[in-house]
Amino acid sequence: RPVSNITGKLVALVLCFSVSLVVMLVLLLMQKPIGTIVLSLIVTLSFTLICASIFESGFAFFTVYLSLKKYKTGIIGKSSVSEYGKCNIVYFDDFNIFNKKSVRTKGLKLYDNNEIYKILYHTQAVFSKVGGPLKAVFEFATSEMVHSNNVDVREISKEGICAIVDNRTTVLIGTGSFMRSRGIHPSYTSADLKLEEAGEDSIMFIALNGTLGAKLYVTYQFSSEFERLAKKLSAHGVGIGIRSSDPNINNKWAKAYGNNKRCNISVVRPTLKDSKAQD
């Protein structure tokens, strides 16, 4: 902040000369020789100027810190002020944006008499590996079920995930277009199309060993805490980037939801290497 920086300089200079003046007056009252008074004045002024330069360099940063503290936010290092002040977009991991209350499943449709146990078991296994907001949702839904730790994630694309669970079941999770790219053709109702166009609801398909197993309706919204931060960033022309493996959190969703919230949202996918590094 330029104003804070100028204020810091003025305060520092005033303190320097005030301390030097006090020292000079004390020596005059003590009737010290002029040479001693001048030497003491020079030493005092030099010392206070050094201290003042240190004070001034951190004053602007300190005032920014006090302002951010009100919003439970901080800055690590003075260089962060200039570094992030020039950003056009700031990226966040999805678990910092969504929480259990802001991500809700609104319905599950099973195909070909699939058992709900099989769908939940394999879907939970995949999200336990790739993470994201649905990880906690499926862990809660399967809290009384056996979980699998044998998951090999083969692909994380823009709109889908491919993984092998227990070395025998190929699990595909993603959007309708992702399923069609794998030779699976899910059907959409007119109500489905309206939900996706609204921007707050996503439709996720789940296939086991090449056969469509289920269709899940999910609603994603920013957590109330992040909602406030998003408004402040948008007000200053800063876009929001989301780093997520969740196939529902994609550019189509980002565009629709961003239009609703009047903010610029983009999505990036972690690589398989990043995903395996979290194991």
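Phe 205, by contrast, is buried, at 0% relative accessibility. Residues are numbered from 1 along each chain as its sequence is written. Because the model is predicted, local features need pLDDT of at least 70 and side-chain atom pairs count only at pLDDT 80 or more, whereas totals for chains, interfaces and linings use all residues; side-chain values use heavy atoms, with hydrogens and water left out.

The chain contains ten helices and nine strands, taken as DSSP runs (H or I, at least four residues, for helices; E, at least two, for strands) and numbered from the N terminus. Of its 279 residues, 41% are buried.

Eleven aromatic pairs are present in the structure, a pair being rings of Phe, Tyr or Trp (its six-membered ring) with centres within 6.5 Å, called stacked if the planes are under 30 degrees apart, edge-to-face if over 60 and tilted otherwise. One of them, formed by Phe 127 and Phe 138, is stacked, with 5.8 Å centre to centre and 5° between the planes. This pair joins helix α4 (residues 116–130), which holds Phe 127, to helix α5 (residues 133–141), which holds Phe 138, the two residues being eleven apart. Phe 127 is buried at 0% relative accessibility, and Phe 138 is likewise buried, at 5%. The rings of Tyr 188 and Phe 205 form an edge-to-face pair, because their planes lie at 70°, with centres 5.5 Å apart.

Methods. Buried means under 20% relative accessible area, exposed over 50%, partly exposed in between (1.4 Å probe, protein chains only).
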